[in-house]
Amino acid sequence: MKNSREKIFWIALPFILIFILANIAFGPVYIPVLEVFKALVGMKVPSTDKIIILQLRLPRILLGLGVGAALSVTGNAFQAMLKNPLADPYILGVSSGAAFGAILANVIAQLYYPNFVFYMWIFAFVFGLVATSLTYFVSRRGGKLPATELILSGVIVNLMFGAGVTFLIVYGWRDVQVTSFWLLGSLSGAGWHDVILVGISSVASVVFFMSISKYLNAMVAGEEEAAYLGVNVEMMKLMIFVVGTLVTAIAVSTSGIIGFVGLIMPHMSRRLFGSDHKISMPASAILGGTFIVACDTVARTAFTPSEMPIGTITALIGAPIFIYILRRRVQNV
Amino acid sequence: MFEFLKIENVSYSYPKSSKNAIDKVNFTVRKGEIIGVIGPNGSGKTTLMKSILNMIDYKGNIKFYDQEIKKISRRSLSKKIGVVAQEFAPIYDMKVSEIVEMGRTPYTNLFGDLSQEDKKHIEFAFEDLNIHHLKDRTFYSLSGGERQIVYVAKVFAQNPDLFLLDEATVHLDIGNAQHLLLKMKERVKKFGSTVISTFHDINQASAFSDRIIIMKSGKIYAMGDPEMVLTKDMIEEVYGANCEVIKDPRNGTVNVFMDLEDNSDAFFCDVLKKYS
């Protein structure tokens, strides 16, 4: 039984995908949109355009799509699991923990064992888990996670790992410039190998979270209510934590910390398509991906020849929306 | 004949607490029975409910359909036992139809697709509770009383044999409380369901239940027909409250009246003489 909101989503989907691909046209050099689509379907276009489209911009856009989708579905699942609409991998500190882990592996590789660079996302995953667990246990009050405590603990964990990131970079590279890539995120330098890793993990996470959507729906009313409906809550929480942290870690190790996507996109998808996770999961994946791609287009075109870190743009848009949700919540209580 | 629900020597103490929240509780429940559980705050009513739901690691035995509750999977248990707590408070606003459908969670496949059987039970829930007109409304646009009825509809859709009501009427006014309890009674008559319900309001418990369990400090203090156990002395011993107990002349239901006057004893005696 499909309801009307679900139909709207499936009708809007192809248009969204066309919009995403149209972003390839923009950059330091403008390539007409028609050329872009020609190149994508394999028709003949000038060879420089072809290289720009297929080797530079397409992987970057696909990476943005994957990263945005991964962060959004993770945020969406965390919100249901923690019964808190302000939860997201950035706010909870997963992202900065993961960034710290990724840089630690890089620094070890740089200074001691070059092979360590292959363990980058494993390090990111482990420190992402450390960060989430820390936020979780610091904010826990008698089995509950009050919004204020959760956000405050997230801020502290973020500051802590953020400082760790800067320390490692200065210690390892003696170059503060690199910090902005990690702390504010960037999709520059995206290659096809990044796309494959992020693509696989993002698609897998969307499928996973869709497959547990009925349990997430039940958890929206609280852990006890979910248990009354037959949900093995502790098992479910563990799986969401691990999967969410893993995909976030992979996203962060390719593109740094990009904040607020996981917070605002699930919120928006619920507004548009309803709160059933069966729809809000794929919807927030697509919206998150689109949002990152659009922000990245602004990041790399509006300030040529230099690039704005993408996290700056997502924060400029995300922070006011965060405030809006927070205010609305307080009024509701 | 099998025992529907048998509770044997069940004890539980919360971590960091030296005292047992429930202490060697014993009773059996027959199928189709309505049991009211009353007792002061902290007497162990909710802990008892949580034990029956296998939400806490109790000591002793709880047998449901002759099977130890701890050995029944959470999913199978949720097909047999439904819970109506004080209130239902999802973090996101949802459509009423979505909330009622949620009751089918234990039955549906991984993707939550509804079968004909699921749809039938959802339809019954809407029908029995008379809430078709609320179907497309959003949950938080409803009044408190309507929300609680929608919550009950969700649990009806779950189609359990045993309903546990944990102070389900505590936030409701008398009209909404009556509506909810009447609908539960109808359900019991129609499907032979069994109900165990905790109450703060002794008069609601008395009017609703076939049998009353009075709890004090984690132990069962008294158990039996409402007329038998709800006595002036009992209320005073358990709650420390000075009350008058009067039988409803129409149907014999006992009602408890709280004394706030020094001379109320005399007053009620007059009333009793007049009406009995």
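Student: In what order do the six strands of the open sheet in chain B lie?
Tutor: Keep in mind throughout that this is a predicted model. The sheet of chain B is open and its pairing is mixed, and the twist from one strand to the next averages 20°. Read across the sheet, the order of the six strands is 6-7-8-3-9-10.

Student: Which strands of chain B stand at the edges of that sheet?
Tutor: An edge strand has a single partner strand, so one of its sides is left without a neighbour in the sheet. In chain B this applies at the two ends of the order 6-7-8-3-9-10. The strands in question are strand 6 (81-84) and strand 10 (219-224) of chain B.

Student: Which residue of strand 8 of chain B is the bridge partner of Asp166(B)?
Tutor: Strands of a sheet pair through backbone hydrogen bonds, in either a parallel or an antiparallel sense. Strand 7 (residues 162-166) and strand 8 (residues 194-198) of chain B pair in the parallel sense, over five bridges. In strand 8 of chain B, the bridge partner of Asp166(B) is Thr198(B).

Student: Which residue in the turn between strand 11 and strand 12 of chain B has a positive phi?
Tutor: Strand 11 (residues 243-247) and strand 12 (residues 254-258) of chain B pair in the antiparallel sense over five bridges, and one of the bridge pairs joins Ile246(B) to Asn255(B). The two strands form a hairpin with six residues between them. The turn residue with a positive phi, of about 80°, is Gly252(B).

Student: Which element gives the most to the side of domain 1 of chain B that touches domain 2 of chain B?
Tutor: Chain B is divided into domain 1 (5-231) and domain 2 (242-276), whose C-alpha centres lie 31 Å apart. The contact takes eight residues from domain 1 and six residues from domain 2 of chain B, and on the domain 1 side helix 7 (202-208) and helix 8 (226-229) of chain B are the elements that give two or more residues. With four residues, the one that gives the most is helix 7 of chain B.

Student: Is helix 1 of chain A roughly parallel or roughly antiparallel to helix 13 of chain A?
Tutor: The axes of helix 1 (residues 4-22) and helix 13 (residues 277-301) of chain A come within 11 Å and cross at roughly 25°, and the crossing is left-handed. The residues that make the contact include Phe9(A) and Leu13(A) of helix 1 and Ala283(A) and Ile286(A) of helix 13, and by class the contact has nine nonpolar, two polar and two charged residues. Because angles under 35 degrees count as roughly parallel, helix 1 of chain A is, relative to helix 13 of chain A, roughly parallel.

Student: Which helix of chain A gives the most to the side that touches chain B?
Tutor: Between the chains, 19 residues of chain A are in contact with 20 residues of chain B. The chain A side divides into eight nonpolar, six polar and five charged residues, and helix 9 (213-219) and helix 10 (223-228) of chain A each supply at least two of its residues. With four residues, the greatest contributor is helix 9 of chain A.

Methods
Residues numbered from 1 in each chain as written. Chains lettered and ligands numbered in written order. Predicted model: local features only at pLDDT ≥ 70, side-chain atom pairs only at ≥ 80, totals over all residues. Contact = placed C-beta atoms within 7 Å. Nonpolar A, V, L, I, M, F, W, Y, C, P; charged D, E, K, R; others polar. Pairing = 2+ DSSP bridges. Axes fitted to C-alpha atoms, helices over the stretch in contact; angles between N-to-C directions. Parallel < 35°, antiparallel > 145°, perpendicular 65-115°, else oblique. Left-handed = near helix turned anticlockwise from the far one by under 90°. Domains from an automatic or database assignment.
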